[in-house]
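The exercises below concern a single protein model and the ligand placed in it. Work through each task with the sequence and the structure at hand, then compare with the solution.

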Amino acid sequence: MIKKDLIDLKAICDSRGSLVVLENGNNLPFELKRVYYIFGNDNSVERGFHAHKELQQIAVALSGSCVMMLDDGEQKVEFLLNNPTKAVFIDKMIWREMKDFSPDCVLLVAASMKYNESDYIRDYDEFLKNIN
Ligand code: TYD
């Protein structure tokens, strides 16, 4: 099942601007082990095209926008990420594809495990076999 609601990242706002915290035990649905960010993608670029066996992630567009498509093998849901206070949760065994990057898009991803190529499933048929 894909959660259709985005995670609300509460912003602390004052006259200077806004601040968002990602903190273990507070607003993350897993223990944080790794953060990376994706930027400078041409608008025609599509990324992702994989699932993870164990990894859980959240993704939030810190600036600009992109579309994240999530697929659990039964349903596909598209999320427009265009708000630094809204994150999408990507559970284990969810196929993801990203597209429609704006030139200023900076997509932050927070992850539950260190990078491990053997956790990736990069073949869609293998993904479907693994969930059944
Ligand atoms: P990949 O996860 O395939 O990117 P995307 O899903 O956005 O298309 O990663 C792209 C490359 O970066 C790939 O060679 C693996 C490498 N990489 C790391 O070395 N460490 C990391 O934490 C991540 C996420 C990727």
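**Exercise 1. The largest pocket**

How much space lies in the largest pocket? State which residues line the pocket near its centre, and which elements contribute to the lining.

Solution. The model is a predicted one. Step one is the volume: the largest pocket holds about 190 Å³ of space. Step two is the lining, which is made up of 14 residues. Nearest the centre of the pocket are Tyr-36, Ile-38, Gly-48, His-50 and Met-98. Step three assigns the lining to elements: β4, β5, β6 and β10 each give two or more residues. The most comes from β5, with three residues. Step four is the composition of the lining, with eight nonpolar, three polar and three charged residues.

**Exercise 2. The ligand shell**

List the residues around the ligand and sort the shell by class. Then find polar contacts, taking 3.5 Å as the limit for a pair of N or O atoms.

Solution. Begin with the shell, which consists of Arg-34, Tyr-36, Ile-38, Arg-47, Gly-48, His-50, Met-98, Tyr-115, Tyr-120 and Arg-122. By class, five of the shell residues are nonpolar, two are polar and three are charged. Next come the distances to ligand oxygen atoms. For Arg-34, a side-chain N or O atom is 2.4 Å from an oxygen atom of the ligand. For Tyr-120, the distance from a polar side-chain atom to a ligand oxygen is 2.6 Å. For His-50, the distance from a side-chain N or O atom to an oxygen of the ligand is 3.4 Å. The next step is burial: the ligand exposes 530 Å² when taken alone, and the protein buries 62% of that area. Last, the elements with two or more residues in the shell are β4 (34-39) and β5 (47-52).

**Exercise 3. Partners of β5**

Which strands are joined to β5 by bridges, and how many bridges are there in each case?

Solution. Take β10 to start with: three bridges join β5 to this strand, residues 95-99, and the two run antiparallel. Within β10, Glu-97 stands opposite Gly-48. Now take β12, residues 120-121: two bridges join this strand to β5, again with an antiparallel run. Here Ile-121 in β12 is opposite Ala-51.

**Exercise 4. The enclosed space**

How many cavities of 30 Å³ or more does the model contain, and which residues line the largest cavity?

Solution. The count is one cavity of 30 Å³ or more. The largest cavity has a volume of about 30 Å³. Its lining consists of Arg-34, His-52, Leu-55, Met-113, Lys-114, Tyr-115, Asn-116, Asp-119 and Tyr-120. Sorted by class, the lining of the largest cavity has four nonpolar, two polar and three charged residues.

Methods:
Residues are numbered from 1 along each chain as its sequence is written. This is a predicted model: local features need pLDDT of at least 70, side-chain atom pairs count only at pLDDT 80 or more; totals for chains, interfaces and linings use all residues. Side-chain values use heavy atoms; hydrogens and water are left out. A residue is near a molecule or strand if one of its heavy atoms lies within 4 Å of it. A polar contact is a pair of N or O atoms within 3.5 Å; within protein, one must be able to donate a hydrogen and the other to accept it, and residues adjacent in sequence count only if both atoms are side-chain atoms. Accessible areas come from the Shrake-Rupley method with a 1.4 Å probe; for residues, only the protein chains shown count as cover. Helices (H or I, at least four residues) and strands (E, at least two) are DSSP runs, numbered from the N terminus. Ala, Val, Leu, Ile, Met, Phe, Trp, Tyr, Cys and Pro count as nonpolar, Asp, Glu, Lys and Arg as charged, and the others, Gly among them, as polar. Two strands pair if DSSP finds at least two bridges between them. On a 1 Å grid over the protein atoms alone, a cavity is a set of points where a 1.4 Å probe fits but cannot get out, and a pocket is an open set with protein on both sides within 12 Å along at least five of seven lines; lining residues have an atom within 4 Å of a point. Grid points are joined across faces, edges and corners, and a volume is the space filled by probe spheres set on the points.
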